[in-house]
Amino acid sequence: MAAEAKIDPMHQFAIEQIGGNPLSGTPFQFTNSALWMLIVFAAIVLFMWGGTKRQLVPGRWQTAVEGLTGFLDNITRQNIGAEGRKYLPWVFTAFVFILFSNWIGAMPFAVVPGAHPFTVTSQFTVTGFMSVTSFLIVLVVGFWKHKLHFFSLFVPKDTPFVLKLLIAPIEFVSFMVRPFSLGLRPFVAMFAGHILLDVFGNFVVQGLNAGGPMGYAISALCFVFLVGVNALELLVGGIQAFVFALLTALYINDAVNLH
Amino acid sequence: MMDLASAQVIGAGLAAIGVGAAAAGVGFVFGSFLQGALRNPGAAGGQTPTLYIGFAAAELLGLMAFAVAMIILYAR
């Protein structure tokens, strides 16, 4: 019979150093997170390079890239207006990076022994810095365009004075929470999803180890569930990237047009 | 008097109830959208950004409940 294996779903998020250690004792280490960031970057470059050959009659690849750029162009134009084009580079970068790292992290590379994919966006450090970047763009653009008038963002127009006193602090808090909530969303979605995948993957293995009709039945059931959850993970990865891009565009719209 | 480890597990389980509440919220957002979209399919396409903003707001609270559960579970 199998030994009682303890499920450790947190192990997959551990950041480990890879290769030699030329900078021992410094914070500059080449980790698995850095490696998978480079892999995500290479995948993005490959995808964009293959689709930007400017063929007159676009092939499948170019259609995919054009669809992606057109989709993001649409988000910025609909939410920010004609000026939205200026902010397309950051919205595009954030969307594509989150999308690719979510999807690459969910790929079953582990069928090759030792090749465990690491989901870059499952670390709050990464998504947190991306959301802080969005927030800084909002602050810089807002103060640049409207100077100190930017503070009227917290005060809705045509409100009675008494109500203004009440609403302004609430608006201020909801504004300051934005970088936190924006970064928390993609991080927790990936984090929770991968814990679920890990736990059910362990159930499959433990059921096989236990043997007997009951063990195999549980194992098969968990495997079917695992496939479904994996498909859901891909969907959630896409939705989270879309929500990040959409909310970034909305926040920038606040700074540009000052409702 | 119960020890810290069991209290942590119970607390994390209680905090995870919030995720279920967020599930109800997300279901309500999509359900309401579908209801409106079936009544006026022509206007539905333009409202998808609004749908996802509502979805993001409802989902965030569930994710926060999850984060709180994880903090309780792994706090030392």
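Helices and strands here are DSSP runs, helices being H or I over at least four residues and strands being E over at least two, numbered from the N terminus. By that scheme A:Asp254 sits in helix α6 (residues 212-257) of chain A.

This is a predicted model, in which local features need pLDDT of at least 70 and side-chain atom pairs count only at pLDDT 80 or more, while totals for chains, interfaces and linings use all residues. Residues are numbered from 1 along each chain as its sequence is written, chains are lettered from A and ligands numbered from 1 in the order in which they are written, and side-chain values use heavy atoms, with hydrogens and water left out.

**Chain B**

Chain B has four helices and zero strands, in the order α-α-α-α along the sequence. Its radius of gyration is 18 Å, well over the 11 Å that the globule rule gives for 76 residues, so chain B is more spread out than a compact globule. The radius is taken over C-alpha atoms, and the rule is 2.2 Å times the number of residues to the power 0.38. The C-alpha trace of chain B spans about 60 × 15 × 10 Å along its principal axes. Of the 76 residues, 29% count as buried (under 20% relative accessible area; exposed is over 50% and partly exposed is in between, with a 1.4 Å probe and protein chains only).

**The interface**

Twelve residues of chain B are in contact with 19 residues of chain A, contact meaning heavy atoms within 4.5 Å. The two chains bury about 1300 Å² between them, 85% of it on carbon and sulfur atoms; this is the accessible area (1.4 Å probe) that two parts lose on being put together, summed over both. B:Tyr52, B:Leu63 and B:Phe66 supply 32% of the area that chain B buries against chain A, more than any other three residues. On the side of chain B that touches chain A there are eleven nonpolar residues, no polar ones and one charged. In this grouping Ala, Val, Leu, Ile, Met, Phe, Trp, Tyr, Cys and Pro are nonpolar, Asp, Glu, Lys and Arg are charged, and the others, Gly among them, are polar. Between chain B and chain A there are zero salt bridges.

**Salt bridges**

Over all chains the structure holds five salt bridges, each a side-chain nitrogen of Lys or Arg within 4 Å of a carboxyl oxygen of Asp or Glu.

| Pair | Distance |
|---|---|
| A:Arg85 and A:Asp73 | 3.6 Å |
| A:Lys86 and A:Glu83 | 3.4 Å |
| A:Arg178 and A:Asp254 | 2.8 Å |

A:Arg178 lies in helix α5 and A:Asp254 in helix α6 of chain A, so the pair ties together parts that are 76 residues apart in sequence. A:Arg178 is buried at 14% relative accessibility, and A:Asp254 is buried at 18%. Salt bridges that share partners join A:Asp73, A:Arg77 and A:Arg85 into one network. Within it, A:Arg85 is exposed at 55% relative accessible area, whereas A:Asp73 is buried at 10%.

**Other residues of chain A**

A:Asn253 also lies in helix α6 of chain A and is buried, with 19% relative accessibility. Apart from neighbours within four places in sequence, A:Asn253 is in contact with A:Asn79, A:Ile80 and A:Leu258.

A:Lys147 lies in the loop between α4 (124-146) and α5 (161-210) of chain A and is exposed, with a relative accessible area of 54%. Although not a glycine, A:Lys147 has a positive phi of about 50 degrees. Most residues other than glycine have a negative phi.
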